[in-house]
Amino acid sequence: MTFAIVEEDRPLRAVVAGAGFIGRQWAPELLAHPGVELAGWVDVVAGRAREAARELGLDDLPAGTSLAGILEGEEPDFVVNCTVPQAHHEVTVTALRRGAAVLSEKPMAVTLEEARSMVRAAEESRRLFAVSQNRRHMRGLVAFRRTVGELGPLGLMTSEFFMPYRGAAFLSTLEHPLLQDMAIHLFDAARAVSGADPVAVYCESFRPAWTWYPGACSATAIFEMTGGLRYTFTGSWSAPGLPTSWTGSWRAAGTRGTARWDGEGDPVAEPAKGEVVRAYKREDDPHPERPRRYTGLAEGLAEFVTGLRTGRAPQGECHDNIRSLAMVTAALESARTGVRVPVTI
Ligand SMILES: NC(=O)c1ccc[n+]([C@@H]2O[C@H](COP(=O)([O-])OP(=O)(O)OC[C@H]3O[C@@H](n4cnc5c(N)ncnc54)[C@H](O)[C@@H]3O)[C@@H](O)[C@H]2O)c1
């Protein structure tokens, strides 16, 4: 899709929507980007955006509760949507219809219907709308993706995610907390690493006897992907020991060999008999001076800004990212109905 670019020679003006955990990670990234100016901050909770701005020493930053008001007053080039998933549709569509591009936190939306209407709003307004999947920019994942690229046509890929997690209260309110909250990170990573898109899925989502979650905190899903690849995901928020990393534990097998990645360090690879495959190492951190920054936001912002300047779609552009959301919604449908479900967008 072609979208409007910004040609004027001035910094891009950005507004942050949402001043919770991730909004407070995004604002410093916007301040750190030399081509971006933070133009405002909104949160539906009165005083929250103002307080977050003050914590960064931004006493004069326009801040309030009304997105429409700040869009009209500040005319930003783009909005960074850091609100809760239930508000993603309203915030994104409001911004797009008023001519602002949108860089949104994952997941794009709660339902596929909402996501489709957001993609339509981007098309109608001719504005760039992309979703930040920050793990795509992890140096380990980039190295694994390059290594998997050495394996030739893929047949199997697996990822396991096991975490004994009690941190976020909202997870206990969800019917399928693993699929509804976490799985998109691994499903999107599977698409990024394999280059394949989902075709169909069979999924079971359930509650092991020992879990502390009221909902189905564990799941196994088998995806058929384009090219005949089978991708399986198994995970639990109630791991009784031996946790994986936050990006899981991975294996990919292709005609030329096998690669494994622990979700953090350098991947390893072994060639099939008579083949040669290279295992790539992680590249050096481009920002060693900022060790505490949140993984992948700076890289995602850089791609988005380049997109707004050149018309080149960033990773996570909505027409692409909706396929990752569709993996989640189809897996949920399969878990609820007990049948294999085609993945449609
Ligand atoms: N990429 C990652 O690693 C990562 C990590 C954490 C959160 N997230 C995502 O970021 C989003 C926010 O998560 P969080 O942990 O910051 O949540 P949070 O609850 O800490 O913050 C969300 C904020 O949005 C505000 N809000 C709700 N509706 C709004 C609206 N209509 N307009 C303006 N503000 C509104 C809330 O008042 C709250 O302050 C979620 O989609 C979550 O999945 C991503």
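**Exercise 1.** How many cavities of 30 Å³ or more does the count come to? Give the volume of the largest cavity and list the residues that line it.

*Solution.* The structure is a predicted model.
- Step 1. The count comes to one cavity of 30 Å³ or more.
- Step 2. The largest cavity has a volume of about 80 Å³.
- Step 3. Its lining includes Leu 103, Ala 130, Val 131, Ser 132, Gln 133, Arg 136 and His 137. Gly 300, Glu 303, Phe 304, Pro 314 and Gln 315 also line the largest cavity.

**Exercise 2.** Describe how domain 1 and domain 2 are placed and how they touch.

*Solution.* 
- Step 1. Take the bounds: the domain assignment gives residues 12–132 to domain 1, and 138–287 + 325–342 to domain 2.
- Step 2. Over C-alpha atoms, the centres of domain 1 and domain 2 are 29 Å apart.
- Step 3. Of the area that domain 1 buries against domain 2, 73% is supplied by Lys 106, Pro 107 and Leu 112, more than by any other three residues.

**Exercise 3.** Which residues form a salt bridge, and how far apart are the closest N and O atoms? Then class the residues on the domain 1 side of the contact.

*Solution.* 
- Step 1. Between domain 1 and domain 2 the count is one salt bridge.
- Step 2. Lys 106 forms a salt bridge with Asp 181, with 4.0 Å between the closest N and O atoms.
- Step 3. The side of domain 1 that touches domain 2 has six nonpolar residues, one polar and one charged.

**Exercise 4.** What is the volume of the second largest pocket, and what lines it?

*Solution.* 
- Step 1. The second largest pocket holds about 450 Å³ of space.
- Step 2. Its lining has 19 residues, and Met 138, Arg 139, Tyr 294, Thr 295 and Gly 296 lie nearest the centre.
- Step 3. By class, four lining residues are nonpolar, seven polar and eight charged.

Definitions and conventions. Residues are numbered from 1 along each chain as its sequence is written. This is a predicted model: local features need pLDDT of at least 70, side-chain atom pairs count only at pLDDT 80 or more; totals for chains, interfaces and linings use all residues. Side-chain values use heavy atoms; hydrogens and water are left out. Domain bounds come from an automatic or database domain assignment. Contact means heavy atoms within 4.5 Å. Buried area is the accessible area (1.4 Å probe) that two parts lose on being put together, summed over both. A salt bridge is a side-chain nitrogen of Lys or Arg within 4 Å of a carboxyl oxygen of Asp or Glu. Ala, Val, Leu, Ile, Met, Phe, Trp, Tyr, Cys and Pro count as nonpolar, Asp, Glu, Lys and Arg as charged, and the others, Gly among them, as polar. On a 1 Å grid over the protein atoms alone, a cavity is a set of points where a 1.4 Å probe fits but cannot get out, and a pocket is an open set with protein on both sides within 12 Å along at least five of seven lines; lining residues have an atom within 4 Å of a point. Grid points are joined across faces, edges and corners, and a volume is the space filled by probe spheres set on the points.
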